[in-house]
Structure formats: C-alpha cells, structure tokens
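These are my notebook entries on one structure. I wrote down what I looked up, and in what order.

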Amino acid sequence: MKEFSLLMTASNKDQLVLSNFEQIASVSDFDRTGNADTPSSQRGPAPLLGKRGLLLLSWLAPVTLVIVWELLAGAGWIAPQILPAPSKVVHTAIKLVTTGTLLNDLGVSLLRAIAGFVIGASIGSALGILVGFSRIAEAAIDRSIQMIRAIPFLAALPLVIVWLGVGEAQKIFLVALGVTFPIYINTTLGIRQVDPKLIELGRIQGLGPFELIRRIILPGALPSILTGVRYALATAWLALVVAETIGAQSGIGFLAMDAREFLRTDVIVLTIVIYALIGIAADAIARFLERRLLAWHPNYGASR
Amino acid sequence: MIPLASVPPSTQAIEPPSVVVSNLRRAYGDRVIIRNLNLRIERGEFVALLGESGCGKTTLLRALAGLDPIQGGRISAPRRPAVVFQEHRLLPWDTLECNVSLGLKTPNARERAAAALGEVGLGERLHDWPRNLSGGQAQRVALARALVQEPELLLLDEPFAALDALTRIRMHDLVRELVDKRRPGVLLVTHDVDEAIALADRILVMRHGAIAFEHRTNAAHSASISRADLLAELGVLSHAAA
C-alpha cells in the first residue's frame, strides 16, 4: 500500500514536470519565431527521430514483449498453468463476453466502485469544505481525521469484515474509506491556497459571502480538488481489488478468485488486464475533467 | 472645516465630494501609522499621493477602500470606492468579460462589461483568458473592472509600477481620458514624481502618517512645481536639477 502510494506520487510528479517542460519549450519557441503556431517539427536542431519515430519507439518494447511471450507460450516453453498465451487470454475474453458473465461481473464491480466513490467523495468534500472555511471546524475535527488517515485503510479490512461481513456493504465501505481522505485533504488544501488578494478583490467588488465562495474560493480550489479526485480514483480501484478478493460472489475479483480454484490462469490474467484498463479509463476521466474545468489554467488548459 | 482642502467654488457648488476624511487614525497595536489626517477629494479631481515607503500612504488607501478598520476619525464616502492595485488581480478562471462584470449587479452587466472593455481597447477579447494578456493589457482590464462600477471614488495603488516605461505612458493617457469622461474622484498612490506631475490636479506628500505638503498643479494662481522641489519634499536632494 505504502509503495503504491509512493509510486502514485512519483508518477504524478513526472507529469507535472513534463507539462512544465512542455510549457517552457513552447515559450522559447514563441520567442524565437515570434509565432505561437509554429509546428513542433521546426523546433530546435534537426532531431534524430521525428515525432512519429519517437512514438513508434515507445511502442517497440511492449509489443516485442507480447510477441515474445506469445511465441514462448506457443512453443510450449511456458506452461499454461503458469502463464497463458496472450492469444488465449483474448480468446477467453471473447468467450466470457459472449456468454455475458464478464460484462455482468464488470458491471457489479463498477457499481461498487461508483457507489463507494460517491459516498467517500461526498463525505471528504463536505468535511474538506467545512475545515477549509472554518478554523473552529479545523480545531475540532482535523486532528481526528489526520489520525485516522495515518492508518493504511486496507489495514482496517479485518475489522470492517467483523462489522459488515463480506457482503456489498463491506466493499462499498472500504472504497469509500479509501476515497474520503485524498478528497478531504486536497479540498482543504485547495481552499486554503486561494490567493487572499483575490478574496480581498472580491470584497472590494462587493461580493457577498455566498458569491465570494462561488466566484472565487471554489474555482481557486478546483485544481487541488481535481488532483484529489485523481488520487481518489486510483485508491478506489485498489480498495475494490482487495475487497473483492475476499468473499465475493460476483465481480471481477470474484472471477479471479474463482479462476484460481481451477488454475485458469487465462481468466486471472484477463481480470488483471481489466483492472488495468479500468484504472487507465479512470485516469482518462480525471484528465478530461481537468482539461474541461481548468481550461483557464496554464498547466492544464487545452488551448495553449 | 477641513483645512487641507480649499476647494474651487465652482465644483463645490455642483456636486458633493467623492470622499471626506477627518481626523483619521490608523494604528497596529501601539504603532500609529496615520494620525489626525484630513483629506477631501472632489468629484473629477485627480489627487496623487507621494511619500517614502512606510509613510502610511498605502495604509490610507486601504482604509479608504474599507479593507482595514480605522481606530479614530471619520471617512465619509457616498458609495463603495473602486480600487486598482499594483497587481491586476484578475480571476484566472474567468474570461475578461466575467472579470470586468464581477460584482456588477445591474441586469445589463454583460453589456456594460463589454463596453468598458471596449473603452480600454480590449473590446475584441471579451472571451479571452487573463493568462493570454500582457502586463499592460491586464492592468487595462483591471481599470475597466474598476470603472464599470461607476465609482465616485477611484483608488489607484501604484497601478503602473510594474509596467515598462512606454506602456506606462500609454496607461497615463488612458487613465486621464477615462477619469475626465466619468469624473470620479481619484486618489493615486505612487512613488513616481513624474507620474504625479503628469496626472494629478493636486499632489500630496505624506510623511510620518500625515500630509506634509500639498500642491495644486492645475490652478492658475499657483506656479508650476519643479521635479526637484517635489523630490526635496520626499527627502531626496537632486543635484542634477540644482
């Protein structure tokens, strides 16, 4: 868990650095030519590989890996009980989709994730807004929340099972628990980081407290809140994997554990791939939200 | 009644003043920043306030803007003043139109914002983001946002300090033009003696929390003041001028 969150931080940082770098690159571009629309191919000295060349290169390693894997499995060098051929996994996927079980399990898993996310995000943002605006609320509840946050939420799993059994409630609770804290922290942080000079300006322009929140504080906190959403989506998914692995009667996790009983590694690999794909999809949704809602922001804006 | 502001009778008869400050006192704990300050600014009058750093001129402006509480005296202004700060303070998440109409409660707020942006020469960029503006353009939007409120008192807190020399001169012309047209009373806080001479009808020099020197630049009976005189008032001995 700890490793996972560290990884998340690192990859997020990379993206930040990358987007800053791109910005710097486009600025220097502007300076040199005096034209912001200069195509990137004209930038700097002639590159060794073009943009398409680099794109192809980036796909070279993963594609090669899959091909080698396929060849080794096809030649019988890897036992199907250890790792099935990629083609076998695709085959299984098609079979499970046509019989309807896969889509059903996927639906169940998504529903759990969404329910847990909505509950966790509501609690996290409500508490975050409260603490962000009120020093009294901060004094009253922030310390308790920080103490609970110090517990890796998956460590609470045995207790959650004692409380709620291994039904839907336990799974949704665990997801909600994982989602609440990133949303809470980033909401509070976002509200606190709003430029006090802009709030002062709002007062000068005659905004009332409600207008001040709607026009200045919440938009100012939004980048931070969306970062929280992105973290929370990753956490929600992780929580679901763990929750579904224990005592589920349906869902992607159930599919995997069921397949384990029969050494169906093709199904297990398939569920892993599905988890990965949904993780990517969740991140894409978060990025889309950032692009749409933060169009004004120099680090996110689509129209650069 | 208020000794520092002897006003030409013509304007006095027509309109009430933009602001009257009497015996103002501002203090942070024991430290008194402004003591017994009196000031009267007429509608359409452009007053520049000079002074060394820390003399209390920004404190005075903030008190007039209603941003800080006062510890004594009275500020009477008919309406909430508009302020342009050294930084543009545009909301980065709002388009220029929304920025200018911020806090405008009239039903035709959008049209008025568009007209105000047109006045500062940015009528084409209603839906642009603040991040695409140069420093001078952003400051023009801030000026439009202040003036669209139709203030009776306009407070300018070193609004041109961060601009390059050419942009500053253009801004001077624009501000003078818009102030002449809309006729708010103006208090310009500045470090720049030349700016004060170029723009103001009246120049005040503040020292130790009080107004220490006053000069009318446009009145026929008063001789024009030299840059060196003003600098001397600010405690700078100008050898070049002597």
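Predicted model: local features only at pLDDT ≥ 70, side-chain atom pairs only at ≥ 80, totals over all residues.

Entry 1. I began with strand S7 of chain B: which residues point one way from S7(B), and which the other way? I found B:Gly185, B:Leu187 and B:Val189 on one side and B:Val186 and B:Leu188 on the other, and all are buried. I noted the cut-offs: a residue is buried if 20 or more other C-beta atoms lie within 10 Å of its own, exposed if 12 or fewer, and partly exposed in between, with C-beta atoms placed from the backbone. Five of the five residues of S7(B) are buried, so S7(B) is largely enclosed by the rest of the structure.

Entry 2. Residues are numbered from 1 along each chain as its sequence is written, and chains are lettered from A and ligands numbered from 1 in the order in which they are written.

Entry 3. I took an overview of chain B. Its secondary structure comes to eight helices and nine strands. Helices (H or I, at least four residues) and strands (E, at least two) are DSSP runs, numbered from the N terminus. Of the 242 residues in chain B, 42% are buried. I also looked up contacts, where two residues count if their C-beta atoms, placed from the backbone, lie within 7 Å. Among the contacts in chain B with a separation of 6 or more, 70% are between residues 24 or more positions apart.

Entry 4. I went back to the sheet that holds S7(B). Six strands of chain B form an open sheet with mixed pairing, in the order S5-S6-S7-S3-S8-S9. Two strands pair if DSSP finds at least two bridges between them. The edge strands, S5 (82-84) and S9 (210-216) of chain B, each pair on one side only. From one strand to the next the twist averages 20°.

Entry 5. I followed the neighbours of S7(B). S6(B) runs parallel to S7(B), with five bridges joining them, and B:Leu156 stands opposite B:Leu188. S3(B) also pairs with S7(B) in the parallel sense, over four bridges. Here B:Phe46 stands opposite B:Val186.

Entry 6. Next came S3(B), residues 46-51, which is joined by five bridges to S8(B), residues 202-207, and the two run parallel. B:Leu50 stands opposite B:Val205, and B:Ala48 has B:Ile203 as its bridge partner. Six of the six residues of S3(B) are buried, so S3(B) is largely enclosed by the rest of the structure.

Entry 7. I looked at the other sheet. Three strands of chain B form an open, antiparallel sheet in the order S2-S1-S4. S2 (31-41) and S4 (72-76) of chain B are its edge strands, each pairing on one side only. The twist averages 25° from one strand to the next. Seven bridges join S1(B), residues 19-28, to S2(B), and one pair of bridge partners is B:Arg26 and B:Ile34.

Entry 8. I turned to two helices of chain B, H5 (residues 135-147) and H6 (residues 165-182). They pack at an angle of about 15°, with their axes 11 Å apart. Axes are lines fitted to C-alpha atoms, for helices over the stretch in contact, and angles run from 0 to 180 degrees between N-to-C directions. H5(B) and H6(B) are therefore roughly parallel to each other; angles under 35 degrees count as roughly parallel, over 145 as roughly antiparallel, 65 to 115 as roughly perpendicular and the rest as oblique. Residues that meet across this contact include B:Leu143 and B:Leu147 in H5(B), and B:Met171 and B:Leu174 in H6(B).

Entry 9. Last, I checked where chain B touches chain A. I noted 13 residues of chain B in contact with 13 residues of chain A.
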